Amino acid sequence: MIRLKGKDRRLIVVSNRLPFHRFVDDSGKDVWKKAAGGLITGLEPILKKCKGIWLGWDGIRTEGIRKEDFRLVDIAEIESEEGEKACKACSYQIGCVPLTEKEFDEYYNRFSNGTLWALFHYFFEKSFIDYSAWRTYCEVNRRFAEYIHEIAEDDDIIWIQDFHLFMTPYYLRKLRPNQEIHFFLHIPFPDIDIFSILPWQDQILGSILCCNTIGFHHKQYLRNFNEAVRLYRKEKTGTKGMETLEGSVNTHFYVNPISIDFNAIDRTSRKHEVLERKKEIIRQASSPKLILGVDRIDYSKGIKERLLGMEMLLDEHPELKEQFFYYQLVVPSREDVETYIALKKEIDEIIGRINGKFATGLWAPVHYNYGTVTFEELVALYSAADVALVTPLRDGMNLVCKEYVAAHSDNDGVLVLSRFAGAIAEIKNCLPVNPYSIEDIARAIYHALHMPKTERKKRMRKMRKNIKHHNIDTWLQNCLRNFELAQ
Ligand code: ADQ
């Protein structure tokens, strides 16, 4: 439970995906696999602490929608692929929202990822306008609202997450005029010139303005949003075919950058098994320096440009051959979307070319791992890395850079960070780069590899102090303070 406005209240988090993917094995038994991603990293510790409900799609595509497909499951009852069960003490419930094959394609692949993700990350040339996908997006958003309506008590705090569910607040407000509904946007809110491209901008603004609060990671996103709302209110074009519910609440907007469970990562990095694994990783790298990249596969993460920067560095500094080893960990994502399939192929080809060009008998510069790893393995990798390359072309926040810093309980390591990641506003002692400039990336890697130990330590201590102070608990407390301020 969460204490809010003088009462103990239940928290219902609503997002597109659940933190577990469900598969049905040959015997018809459910098998669950832990998912990875920024939203899960940020929100799961909160759900575990307050024992709320997380509502979202479980990853199954059904033939048609049947009422019984929506069910609540306790995560202590589900068995992971590895045969593990969550402990009772850190359990919460998940509500599985069903999707059909067509909905998966139109709501998720086409509208959420094809149209919104691309546009909101400033890749407007990749974003497309598809009316059928928009209609399906609205239908699915309505279904989310209906399920929330089914399980929610009047006092529950409903917290809707991210761009997949922009229209859910509207449908929910119609069903529950007095419910407390909050919204958090995990991606950038783009400049008005970009946002105005979207034919459904009014419906989206009209919907999220049905919430009691709207949170953003960065003050620039809030500025952009305010500008969009100002125009929307001035032009009063209405929400085209939708009842205008805006004004039914007085929405409070706020900025609160999401963070990580610093202490959990810091503690893990000091564990005996993790320290042993770290040594093994360093031994296997068999180069003086280890450089690390960890990303969900996505064109917005700048993986391609980063590799080209690496290639330029080796072209210009052949003396660096065998002096470092670059390990790129890529978590699979949106594997049914054409752009992502093509991106994976391109990354494979670039890595093949770089290794072909620079490899010596015993050494190849880039090692590539496509898959998810356990939390402890990730922490061992972070702490083994002398340099982390976090160079998204655009990122709402980016948690990988914060995790890297938290894992360096040795107070060493250099973070190269994109100027276009939301995190740059808080992390002042990194090496900032323009992720579109491969020259800039090459220069930053060179600088990172040659930075004196005293400077590395000084910078790392400052970054750690900052992230330790603004961690996932303070993020939640700040969100709750803003919920308190809302009417
Ligand atoms: P994402 O785009 O998913 O999140 P990010 O914030 O970098 O991006 O988080 C990725 C998460 O996945 C990290 O916690 C990382 O540890 C984990 N991860 C990555 N690769 C992994 C692997 N191979 N195995 C296991 N875990 C892996 C969205 C927005 C971001 C925003 C977050 C939170 O796009 O800008 O920071 O939400 O708001």
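What distance separates an oxygen atom of the ligand from an N or O atom in the side chain of Glu403?

Guide: This is a predicted model, in which local features need pLDDT of at least 70 and side-chain atom pairs count only at pLDDT 80 or more, while totals for chains, interfaces and linings use all residues. Residues are numbered from 1 along each chain as its sequence is written, and side-chain values use heavy atoms, with hydrogens and water left out.

The distance you ask about is 2.6 Å, between an oxygen atom of the ligand and an N or O atom in the side chain of Glu403, which is a polar contact (a pair of N or O atoms within 3.5 Å). His186 also places a polar side-chain atom 2.6 Å from an oxygen atom of the ligand, whereas Gly396 takes part through its backbone, where a polar atom is 3.1 Å from a ligand oxygen. On its own the ligand has 720 Å² of accessible area (Shrake-Rupley method, 1.4 Å probe), and the protein covers 95% of it.

With three residues, α1 gives the most. The ligand has 26 residues around it, and those that come nearest are Thr41, His186, Asp395, Met397 and Glu403, a residue being counted if one of its heavy atoms lies within 4 Å. By class, the shell holds 13 nonpolar, nine polar and four charged residues, Gly being counted among the polar ones.

Where the two helices touch, Gly42, Leu43, Ile46 and Lys49 in α1 meet Ile472, Asp473, Trp475 and Leu476 in α16, contact here meaning heavy atoms within 4.5 Å. This contact of α1 with α16 is made up of five nonpolar, one polar and two charged residues.

Notes. Polar contact = N/O pair within 3.5 Å; in protein donor to acceptor, adjacent residues only side chain to side chain. Helix = DSSP H or I, 4+ residues; strand = E, 2+ residues; numbered from the N terminus.
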